[in-house]
Amino acid sequence: MKFYHDEDADLALLEDRTIAILGYGHQGRAQALNMRDSGVGQVVVGNIQDEYRDQAVEDGFPVVTPGEAAQRADVILLLLPDEVAPLVYGEEVADTLREGKALVFASGYNLTYGHIQPPDLVDVIMIAPRMLGQGMRELFLKGAGFVSFVSIEQDASGQARPLALALAKAIGSTRAGVMELSAAQETHLDLFMEQAFGPLLGAAITTAYQVGVEAGFPPEALVLELYMSGEMAYVFKAMGELGLMKQARLHSLTSQFGGMIRSLALNREEIERNMREALDDILSGAFAHEWEEERKAGYPSFTFMREMSDEEHPLTGVEGRLRKQLRMKWGDVA
Ligand code: NDP
């Protein structure tokens, strides 16, 4: 397992290069600001006319169209939504690629499923942060780092690895450490977590809520216990710092005993079956195909599911009431 840190990367490699940030969203803004604060001078943003563009202008970057930014740049960071990137790449980026240029992805998705197939003459790099854009910026400003997976998918120049590490340093990731992982593995792992672990966590929360309400617990008390008090987030933090098993020692003996016996009694076969099904569809490309069909159809199922979860779920109302009641300072994420 190869990890790289600050001392393995040289920011001087970026001195004479123009870096294009295509897409000024969650990742684009965080990466552009962190790079500039790391001393990278020539950052140009490529964005369509929208509020993200206004934000980039307000932040003091030169902003042009994605095609123009790609044309000017030596290093092109595709920080667009994965389902949009192939269109922008095909229409505005592909024709600007020349020998000596590098194309950088923040996720392996489009490379893995062949939606973008860069020509042989450019370096192809993946730097996939394991952190939300906002978190990347906050950590950077605190002097801390965040982990990224890095991959050299094509080394046309023979210098793709040092370039990738310099970029990872510029966004603040080598402060924590970057790990080599292929784009395919990053993609499969990312989707696996989103589709095998995420739904279980969501189902555990909503089912506990439903059973608890039926048993007569006040909905507000349930939601506080489940996540809104912040205790659960603290437990996850402790898992990272102490270890999954060791953090249990922070809880009462009653809590540890009850948790362990119920955990051992869980029927895991169904859980395992669901996880394997999700993984099969990820590895075969069936999920990517389904998602692409959904995009082409104008996102009907996605929109329906999102509206259902936003509007209809009783949790949403309880959260709103709690937000009004609690004298806590909110707004770190919103
Ligand atoms: P966002 O949705 O936050 O931002 C995307 C940007 O692309 C916005 O500026 C958006 O503007 C612009 N955009 C959208 N559609 C088009 C279009 N048709 N033409 C031109 N520009 C367009 O994306 P993320 O930052 O979340 O994701 C970027 C990449 O980073 C992805 O590969 C993702 O997998 C990866 N990633 C994301 C993480 C995260 O924290 N979200 C974490 C790690 C990796 P507008 O919407 O106004 O059109």
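Visitor: Which residues are closest to the ligand, and how many surround it?

Guide: In this predicted model, 21 residues surround the ligand, and the closest are His26, Gln27, Asn47, Asp50 and Asp82.

Visitor: How many residues of the shell around the ligand are nonpolar, polar and charged?

Guide: The shell divides into 12 nonpolar, 7 polar and 2 charged residues.

Visitor: Why is isoleucine 19 called buried?

Guide: The label requires a relative accessible area under 20%. Isoleucine 19 has 0%, and is therefore buried. This residue is found in strand β2. Setting aside residues up to four places away in sequence, isoleucine 19 touches Leu14, Met35, Val40, Gln42, Val43, Val44, Ala73, Val75, Leu77 and Leu167. With valine 43, isoleucine 19 has a C-alpha to C-alpha separation of 4.8 Å, although the two are 24 residues apart in sequence.

Visitor: Which residues touch the most other members of the largest nonpolar core?

Guide: That core has 38 residues, and those touching the most other members are Leu14, Ile19, Ile21, Met35, Val75, Leu77 and Leu167. Elements that each supply at least two residues include β2 (19–22), α1 (26–37), β5 (75–78) and α7 (160–170). The largest share, 8 residues, comes from α7. Methionine 35, neighbours within four places in sequence aside, is in contact with Ile19, Ile21, Val40, Val43, Leu77, Leu167, Ala170 and Ile171. Apart from this core lies another, of 27 residues, among them Ala70, Ala85, Val88 and Val124.

Visitor: How do you know whether threonine 174 is buried or exposed?

Guide: Threonine 174 has 1% relative accessibility; the limit is under 20%, so this residue counts as buried. Its place is in the loop between α7 and β9 (178–180). The side chain of threonine 174 makes a polar contact with the side chain of aspartate 6, at 2.6 Å. Beyond residues up to four places away in sequence, threonine 174 touches Tyr4, His5, Asp6, Leu165, Ala168 and Lys169.

Visitor: On what grounds is threonine 96 classed as buried or exposed, and where is it found?

Guide: Threonine 96 is found in the loop between α4 (85–93) and β6. Its relative accessibility of 4% is under 20%, and therefore threonine 96 counts as buried.

Visitor: Why does tyrosine 299 count as partly exposed?

Guide: Buried means under 20% and exposed over 50%. At 23% relative accessibility, tyrosine 299 falls in between, and so counts as partly exposed. Tyrosine 299 lies in the loop between α13 (286–296) and α14 (300–312), and has a positive phi of about 60° although it is not a glycine.

Key:
Residues numbered from 1 in each chain as written. Predicted model: local features only at pLDDT ≥ 70, side-chain atom pairs only at ≥ 80, totals over all residues. Heavy atoms only, no water. Near = heavy atom within 4 Å. Nonpolar A, V, L, I, M, F, W, Y, C, P; charged D, E, K, R; others polar. Core = buried A, V, L, I, M, F, W, Y, C linked by side-chain atoms within 4.5 Å. Buried < 20%, exposed > 50% of the residue type's maximum accessible area, 1.4 Å probe, protein only. Helix = DSSP H or I, 4+ residues; strand = E, 2+ residues; numbered from the N terminus. Contact = heavy atoms within 4.5 Å. Polar contact = N/O pair within 3.5 Å; in protein donor to acceptor, adjacent residues only side chain to side chain.
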